[in-house]
Amino acid sequence: MKFTKMQGCGNDYIYVNGFEERILGEEKPGLAKWLSDRHFGVGADGLIFINPSDEADFEMEMYNADGSRGEMCGNGVRCVAKYVYDRGLTDAKRISVISSGKIKYLDLTVEKKAGVPKDRGKVNLVRVNMGSPVFKPKLIPVEAVGERVVNEPIEVDGREYRMTCVSMGNPHAVIFAENVKSLNLEKIGPSFETHKRFPNRINTEFVEIIDRKTIFMRVWERGSGETLACGTGACAAAAACVLNQLTDSLITVKLLGGELTIEWDSGQNLMFMTGPAVTVFEGDVAFVPGSAT
């Protein structure tokens, strides 16, 4: 099975061309878990199949590193855009991608080689319309009373934190803190992820405010652990910052793996994310049906 390793701000995934490779659905969770293992597999935060779609230009079928199905990944979908353009699956510089029934629209920035007129170029930056943030608790989901969860207390491992909850197609709890770099996410991340208030588990963003236009964020992703970046998490963090009157609506999100520009257009109630997409390497792995379960 041929694959391509790609990353956006260090959030890395293994990509498989679903137009060419035929993998049974029941094989995919085990395959994702095996390939994502950084000691015995290729190593990644998860596995993404790029498939044909009747509803959008392409489908992103995403699996987390533990084999669970993911709904959306902002860094992952940017790399989908680079993959399909760079490999000639599309000539369009604006495409649509569906994942778990929801469509995202992406604008591609293409860099061409200087002095090579016939060079069609390669994608180096992608702007994604990430849709509208969702705050209603039952739609996130989070166990709570009221229409929004903003700066609400939650007790984790005997300590009280304040959380703001947002769905960006997947669930997020944003925690504002100081000295975020020193936090022991390996300890507290799993406790947030599996907390009883989150029926479908949760992605948790730990955010430090630098100024009105800049934040620093670390993230614990359900099914993958701490990752170097999370696009939907950056959008959730930006929404939480505005709701708590901590930043402007256009900010730079600094992550362990790089930077993303996030804008919440309040007039349209849409989140826009702009960031890089990078191909790391390509490979071929011997996959025998039934071997990755």
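Which residues does cysteine 230 touch, not counting residues up to four places away in sequence? Cysteine 230 touches Asn11, Asn75, His172, Glu205, Met217, Val219, Glu221, Leu255 and Leu260. Contact here means heavy atoms within 4.5 Å.

Some ground rules come next. This is a predicted model, in which local features need pLDDT of at least 70 and side-chain atom pairs count only at pLDDT 80 or more, while totals for chains, interfaces and linings use all residues. Residues are numbered from 1 along each chain as its sequence is written, and side-chain values use heavy atoms, with hydrogens and water left out.

Back to cysteine 230. The residue sits in the loop between strand E14 (225-227) and helix H4. Helices (H or I, at least four residues) and strands (E, at least two) are DSSP runs, numbered from the N terminus. Cysteine 230 counts as buried because its relative accessibility is 3%. Buried means under 20% relative accessible area, exposed over 50%, and partly exposed in between, with a 1.4 Å probe and protein chains only. Cysteine 165 lies 65 residues from cysteine 230 in sequence and 15 Å away in space, C-alpha to C-alpha.

The cysteines raise the matter of disulfides. A disulfide is a pair of cysteine sulfur atoms within 2.5 Å. By this rule the count is 0. Cysteine 9 is in no disulfide, and its nearest cysteine sulfur, that of cysteine 79, is 9.2 Å away. Cysteine 9 is buried, at 3% relative accessible area. For cysteine 73, the closest cysteine sulfur belongs to cysteine 230; the distance is 6.4 Å, so it is too far for a bond. Cysteine 73 is buried too, with a relative accessible area of 3%.

H4 covers residues 231-243, 13 residues in all. From first C-alpha to last it reaches 19 Å, close to the 18 Å expected at 1.5 Å a residue. The expected span is 1.5 Å times one less than the number of residues. H4 is largely enclosed by the rest of the structure, because 11 of its 13 residues are buried. Among them are Gly231, Thr232, Gly233, Cys235 and Cys241. Glutamine 245 follows H4 and has a positive phi, near 55 degrees.

Helix H2 (residues 74-86) also has 13 residues. H2 reaches 19 Å, again close to the expected 18 Å. Here 13 of 13 residues are buried. Just after H2, glycine 88 takes a positive phi of about 75 degrees.

Now helix H1 (residues 28-36). Its buried residues are Lys28, Gly30, Leu31, Ala32, Leu35 and Ser36. Their cover includes strand E2 (11-17), strand E3 (46-51) and E4. Strand E4 (residues 58-64) holds asparagine 64. At 5% relative accessibility, asparagine 64 is buried. Its contacts, not counting residues up to four places away in sequence, include Ala32, Asp45, Gly46 and Arg222.

Where is empty space left? Rolling a probe the size of a water molecule over the atoms shows this. On a 1 Å grid over the protein atoms alone, a cavity is a set of points where a 1.4 Å probe fits but cannot get out; a pocket is an open set with protein on both sides within 12 Å along at least five of seven lines; lining residues have an atom within 4 Å of a point. Grid points are joined across faces, edges and corners, and a volume is the space filled by probe spheres set on the points.

The whole structure has 1 cavity of 30 Å³ or more. The largest cavity has a volume of about 60 Å³. By class, that makes 2 nonpolar, 4 polar and 3 charged residues. Ala, Val, Leu, Ile, Met, Phe, Trp, Tyr, Cys and Pro count as nonpolar, Asp, Glu, Lys and Arg as charged, and the others, Gly among them, as polar.

The largest pocket has a volume of about 160 Å³. Its lining divides into 1 nonpolar, 2 polar and 8 charged residues. Lining residues include Lys82, Asp86, Glu111 and Arg120. H2 and strand E8 (122-131) each supply at least two of the lining residues. E8 gives the largest share, 3 residues.
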